[in-house]
Amino acid sequence: MKITLLQTNIVWNNPQLNCANASALIAQNSGADIYILPEMFSTGFATDPEGIAETNNYSLNWLKNTAQQYNAAICGSVAIKDDSGLFRNRLYFVYPNGDVNFYDKHHLFGIGGEAAHFTKGEERVVVRYKDIRILLQICYDIRFPIFSRNRNDYDVAIYVANWPTTRLAAWNTLLHARAIENQCYVVGVNRCGNDPTCEYSGGSMLIDAYGRTIIEAPQNTECAVSATLDMNRLNAFRQKFPVLNDAD
């Protein structure tokens, strides 16, 4: 399965422009089975969602249209106000036929104020696409390994993020740790550029179960990078070295 990481420079609270920019990146990198965008890819990371969280499904509709246009899955998180009036940081996984699964961020970034305004999700979500099982995670979730522990129920973990430059060393270390301890591929997709409070330099990457970086986007650059997941190699490693069978 060919996977493409979209490291975008998000314009603050401008869904139309951000979706247009992502469309241009995808058009230049067609042929992937799945495209992955950063956290809150259409607005930037908003800890206070008033005036930013979507109620009209603009970004979701763009995801659906893009998935159908390119016959590929696509995922990214969006700040939304749900039917109950609650604000959610929601990671959508959209299939080529327009079907949608989603994961609501469980570990809200309380230090930055996200937990004061958003409602956390309670469910751990694994989706299946092309016979590959994918765990959906968002940014701060990566610091909590018990929640993402592989129960022999996924092959790939996706972390979408707005992870600031000042903590990029932690991002890099945690991504590799999650891949090694869960014996899986880990995809980390981060943004670049600036928002009203932080600077971001990217660091998007794909890591294999050995903890080796397969691809990495250049820092401070809006770009797309792609690689192919080798499931035969992953399964052979799991059979030869069955770490997950001994997990606590």
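Trainee: Why is strand S3 (residues 73-81) largely enclosed by the rest of the structure?

Mentor: Keep in mind that this is a predicted model. Buried here means under 20% relative accessible area. Strand S3 is largely enclosed because, of its 9 residues, the number buried is 8.

Trainee: Which handedness does the β-α-β crossover from S2 to S3 have?

Mentor: Start with the strands: S2 (residues 34-36) and S3 run parallel and are joined by 3 bridges. Tyr-35, for one, has Ile-74 of S3 as its bridge partner. Between S2 and S3 the chain passes through helix H2 (residues 58-70), and the crossover is right-handed.

Trainee: And on to S4: which residue in the hairpin of S3 and S4 takes a positive phi?

Mentor: S3 and S4 (residues 87-94) run antiparallel, with 8 bridges joining them. Ile-80, for example, has Arg-88 in S4 as its bridge partner. There are 5 residues between the strands of this hairpin, and the one with a positive phi, near 85 degrees, is Gly-85.

Trainee: Now the rings: is the pair of Trp-163 and Trp-171 stacked, tilted or edge-to-face?

Mentor: The model has 12 aromatic pairs. In this one the ring centres are 5.4 Å apart and the planes stand at 40 degrees. Planes under 30 degrees apart would count as stacked and over 60 as edge-to-face.

Trainee: Which ring has Arg-90 over its face?

Mentor: A charge counts as over a ring only if CZ of Arg is within 6 Å of the centre and within 35 degrees of the ring normal. Arg-90 lies 3.9 Å from the ring centre, over the face of Phe-102.

Definitions and conventions
Residues are numbered from 1 along each chain as its sequence is written. This is a predicted model: local features need pLDDT of at least 70, side-chain atom pairs count only at pLDDT 80 or more; totals for chains, interfaces and linings use all residues. Side-chain values use heavy atoms; hydrogens and water are left out. Buried means under 20% relative accessible area, exposed over 50%, partly exposed in between (1.4 Å probe, protein chains only). Helices (H or I, at least four residues) and strands (E, at least two) are DSSP runs, numbered from the N terminus. Two strands pair if DSSP finds at least two bridges between them. A crossover is right-handed if, with the strands pointing away from the viewer, the path from the first strand over the helix to the second runs clockwise. Rings of Phe, Tyr and Trp (its six-membered ring) pair if their centres lie within 6.5 Å; planes under 30 degrees apart count as stacked, over 60 as edge-to-face and the rest as tilted.
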